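Please read it alongside the model.

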Amino acid sequence: MNLKPSMSRTVTLLFATACGMSVANIYFAQPLLDQLSNEFNIDHSTIGIVITITQIFYGLGLLLLVPLGDLLNQRRLIIGQMLLSTTALVIVSTASFSVVLFTGMALVGLLAVVTQTLVAFAATMASPTERGRVVGIVTSGIVIGILLARTFAGLLTDLTGWRSVYLVSAILMLVMVCMFLKVLPKVEREVRSLPYHQLIKSVFTLFMQERTLRIRSVLAMLIFADFSILWTSLVLPLSAPPLALSHSVIGAFGLVGVAGALAAAQAGKLADRSYGQRTTGIALVLLLISWFFINYLEQSLLALIVGIVLLDLAVQAVHVTNQTMILPLRTEARSRLTAGYMMFYSIGSAGGSIASTQMYAHFGWEGVCFLGALISAIALIFWVTTKKFTNY
């Protein structure tokens, strides 16, 4: 394998930007749920299915597409998926019926897994001593993309309507493809010839063989369920009386979360220094505490802001640590390790989306916060009972 010692900062940041843009596509709908509910006549109690469909197909993409990174040329795979994503975004932006909307959202989710191919590619290019730092920066791009998706979607919706969000994103994806054609590294590597069905089967085999992968995948499922519980349902109380905030203001809360995500980028460096378990424990405690502040949304937006920063800091810190711990397990199977791990992320995100809107419809914001705190407590207990099995 002819690789440079590590990735340059410019290329690393470009990877992070591409990851953020790609993953943002599946989160644009979260601050737009009320708009989509009104336009397509979907009840508030079930509008979360828009997010759930996207996450389910994201999970399928993780299983069916991401492992191809261990078999095919990653550069071509990345560019091809990004080109197809532009088509999916155009379908959503022009949808007139709910069936077309759901179809477009499904394709957007399926193709957004290019982010995980980028993460695995970055881990392969980075030197062992800097892998945590590189993965931390690239993964931060993903979380920041998720958070800024709300700001971007909110501003454009208030200015030119929700359809422009997906159309502008399609244009930006094309611009990124043009940049990648010029600067994406051409890495030649030797790959084992493996039939596609065996490649997919090996994802599950890795789960059986790698305890660290199993433990960290369950943690991913729990923390991203929490993440989705907050961000899917947040638009509902903020847009309803007495607050009745505009989409631009609601989207701006994503900027608050970026502060936490940027701070947590250092988690990769801590994992490189073998502080992964300590970082995980502290982050999970902060995740539980965050819901105490988030619960006061209707009384204090300042308390909500504090809670958002804590939650996003905690989720990102655990996520970066997780990936830094699992990617070195099998150097020849990094795409499959990433695919298996992120399938649990997708399960957690999809479950959190639908559960949060149901809880809000039946029990209000306090019900949402109770659910979030419960999942946080379960994650903390799970980590305490399994940390002895992972040395990192």
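1. The lining of the second largest cavity comprises seven nonpolar, two polar and no charged residues; here Ala, Val, Leu, Ile, Met, Phe, Trp, Tyr, Cys and Pro count as nonpolar, Asp, Glu, Lys and Arg as charged, and the others, Gly among them, as polar. Among the lining residues are Tyr58, Gln116, His319 and Met342. Helix H7 (131-160) and helix H16 (334-386) each contribute at least two residues to this lining (helices are DSSP runs of H or I, at least four residues, numbered from the N terminus). The volume is about 30 Å³.

2. The model is predicted: local features need pLDDT of at least 70, side-chain atom pairs count only at pLDDT 80 or more, and totals for chains, interfaces and linings use all residues. Residues are numbered from 1 along each chain as its sequence is written, and side-chain values use heavy atoms, with hydrogens and water left out.

3. Two cavities of 30 Å³ or more are counted. A cavity is a set of points, on a 1 Å grid over the protein atoms alone, where a 1.4 Å probe fits but cannot get out, and lining residues have an atom within 4 Å of a point. Volume is the space filled by probe spheres set on the points, which are joined across faces, edges and corners. The largest cavity holds about 50 Å³ and is lined by Gln30, Pro31, Arg150, Trp231, Leu234, Val235 and Ile250. That lining divides into five nonpolar, one polar and one charged residue.

4. Three salt bridges are counted, each a side-chain nitrogen of Lys or Arg within 4 Å of a carboxyl oxygen of Asp or Glu. Arg163 and Glu39 pair at 2.7 Å, N to O. Arg163 lies in helix H8 (residues 163-183) and Glu39 in helix H2 (residues 33-39), so the bridge ties together parts 124 residues apart in sequence.

5. Arg336 and Asp70 pair at 2.8 Å, N to O. Arg336 is in helix H16 and Asp70 in the loop between helix H3 (49-64) and helix H4 (74-93), 266 residues apart. Arg336 is buried at 8% relative accessibility, and Asp70 is buried at 9% (buried means under 20% relative accessible area, exposed over 50%, partly exposed in between, with a 1.4 Å probe and protein chains only).

6. Leu270, in helix H13 (residues 267-272), is partly exposed at 32%. Leaving aside residues up to four places away in sequence, Leu270 touches Tyr275, Gly276 and Thr279 (contact means heavy atoms within 4.5 Å).

Methods
1 Å grid on protein atoms, 1.4 Å probe; cavity = no way out; pocket = protein on both sides within 12 Å on 5 of 7 lines; lining within 4 Å.
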